[in-house]
Amino acid sequence: MIHHGSRNIFSSRHRHVLSEMVRLKSRYLLCEVCVSDRSNLLLLDDRAIYTAAKAAVARAHGDYGAALSSLGFSVKYLNAHTGIVFLRCRKSHYRLIWSALPFITSLENRGQRVPCFLNCLHVGGTIRTCQKFLVRYNTQQLHRMLPLCQSEGMRWSALFLYISSLPMHGFLIADNMPSSLVRFE
Amino acid sequence: MAVFMDLNITYTTDKKRLRSVIETAAHLGYSTVAINYVVDLQQKKQEIGKPKCVLELFDTFPIVQGKSRPIKVLNRLTVVASDPSHFRPNAEYKAYDLVAVYPKTEKLFHAACMTFDVDIICVAVTEKQPFFFKRSPVNGAIERGVFFEISYTPAIRDSTMRRYTIANAISLMETCKGKNVIVTSGAEKPLELRGPYDIANLVLLFGLSEGDGKAAISTNCRAVHLHGETRKTALGIVHTMKKDQPLTERQEEEHVPVSKRAKIETV
């Protein structure tokens, strides 16, 4: 028996040739939903944004756009209180989908039409990079908004809102806090 | 890619709406906006009035997202010209920081590119272009430092406007090769504004390259602002400002003959 060593293609050093995995690269678009009055924000859910985005891409780029947006396009995270959305698309087509997002004028949810627009803040390759940007952005927002808060209660609710927008931790905090604290009055 | 500007916010007499538009612009990250007063001289002899003082709108300007400075608000005049006699630069134009013209015929477009004293030439987005862009006036305008403006809000409002916008924008890009172009909103409501990165991506549809798109909302806008400032100065060097002198000094100066008055240069 001749020991071939690494020349045997079934040995561990050559296994990458057989099970070669093309890494599916994606882009995460971090967007903010801007509405004229914030009470409308609470009505949104991710399906509304998904249908609105698909419709906008289909309108702007026709059948080609509609086909592209059915590939690997999804809404990964939505925070209804701050209006932050993570959209995920394929790296090869994210520019096309991004270019159709400014044409969204309203979102529909359960028969109610909310006029709004999506403002893209950051494009990242992974959710972690988007989260890091979101932490920096939220600290900036806090610096802008805390001087404007007129009462202690508002300050606490502002702090809570922005801390809870961190995806991983936010789910735990948001579920346990009473809903009265969450309203931004 | 620091300073973003939006140089076209339609003036409305509704102060509240104007304030909310400017607040939204500050929230989105625009460092400078310009309130646009549109004057169409064909309709019933409209007068070119003075722009409203910007300080009337806000006590404290909203702070720009991501920076610590408040937003800067300029005044801009757009003259819709269908006749060569419509555009007559006179003292009223000096009250505005930026002057733009919207030519409706080929002759006016040629004259505006080569001779008129404007900063911005508006490209039609709400209708099919009645004339084609020719290389010679466009190149002349590029050499002079005049910029072409494309407004994106009609594209957001209506589908047929979208087609006209994209068609006219692409024909402009073919002639000017992406130089000297600015993209602005024509926002009347705060929901018609879009963020700067969104717009930089949207202009890829117009045929601009990525670098040109980013320049269209930042460096080119800044160049327009500076071009507007040079109109107020003499040859771009001396900047004069009206300074309120106290009454006593003025009366004293009147007594002294002109040749003996001290030559004062204030910078």
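User: In this predicted model, how many salt bridges does the rule find across the interface of chain A and chain B?

Analyst: The rule finds one salt bridge across the interface of chain A and chain B. To read such a feature, you look for a side-chain nitrogen of Lys or Arg within 4 Å of a carboxyl oxygen of Asp or Glu. In this structure Arg95(A) is paired with Glu210(B), and their closest N and O atoms are 3.1 Å apart.

User: Which elements of chain A each supply at least two residues of the side that touches chain B?

Analyst: They are β1 (26–35), α2 (46–69), α3 (94–100), β5 (112–124) and α4 (127–145) of chain A. The largest share comes from β5(A), which gives six residues to the side of chain A that touches chain B. Sorted by class, that side of chain A has 12 nonpolar, seven polar and four charged residues.

User: How is the size of an interface often given?

Analyst: It is often given as the accessible area that is lost when the parts come together. Here chain A and chain B bury about 2,100 Å² between them, and 56% of this lies on carbon and sulfur atoms. Within chain A, the residues that lose the most area to chain B are Phe103(A), Phe117(A) and Arg144(A), which together account for 32% of what that side buries. Counted by contact, 23 residues of chain A meet 22 residues of chain B.

User: Which parts of chain B does the salt bridge of Arg76(B) and Glu149(B) tie together?

Analyst: The side chains of Arg76(B) and Glu149(B) form a salt bridge, at 3.2 Å from N to O. Because Arg76(B) lies in strand β3 of chain B and Glu149(B) in strand β6 of chain B, the pair ties together parts that are 73 residues apart in sequence. Over all chains, the count by this rule comes to nine salt bridges.

User: How much space lies in the second largest pocket, and which residues are the closest to its centre?

Analyst: About 410 Å³ of space lies in the second largest pocket. Of the 20 residues that line this pocket, Asn8(B), Val38(B), Tyr102(B), Ser151(B) and Gly186(B) are the closest to its centre. The elements giving two or more residues to the lining are β1 (4–10), β2 (30–40), β3 (72–81), β6 (147–151) and α4 (153–157) of chain B. By class, the lining has eight nonpolar, eight polar and four charged residues.

How values were computed: Residues are numbered from 1 along each chain as its sequence is written. Chains are lettered from A and ligands numbered from 1 in the order in which they are written. This is a predicted model: local features need pLDDT of at least 70, side-chain atom pairs count only at pLDDT 80 or more; totals for chains, interfaces and linings use all residues. Side-chain values use heavy atoms; hydrogens and water are left out. On a 1 Å grid over the protein atoms alone, a cavity is a set of points where a 1.4 Å probe fits but cannot get out, and a pocket is an open set with protein on both sides within 12 Å along at least five of seven lines; lining residues have an atom within 4 Å of a point. Grid points are joined across faces, edges and corners, and a volume is the space filled by probe spheres set on the points. Helices (H or I, at least four residues) and strands (E, at least two) are DSSP runs, numbered from the N terminus. Ala, Val, Leu, Ile, Met, Phe, Trp, Tyr, Cys and Pro count as nonpolar, Asp, Glu, Lys and Arg as charged, and the others, Gly among them, as polar. Contact means heavy atoms within 4.5 Å. Buried area is the accessible area (1.4 Å probe) that two parts lose on being put together, summed over both.
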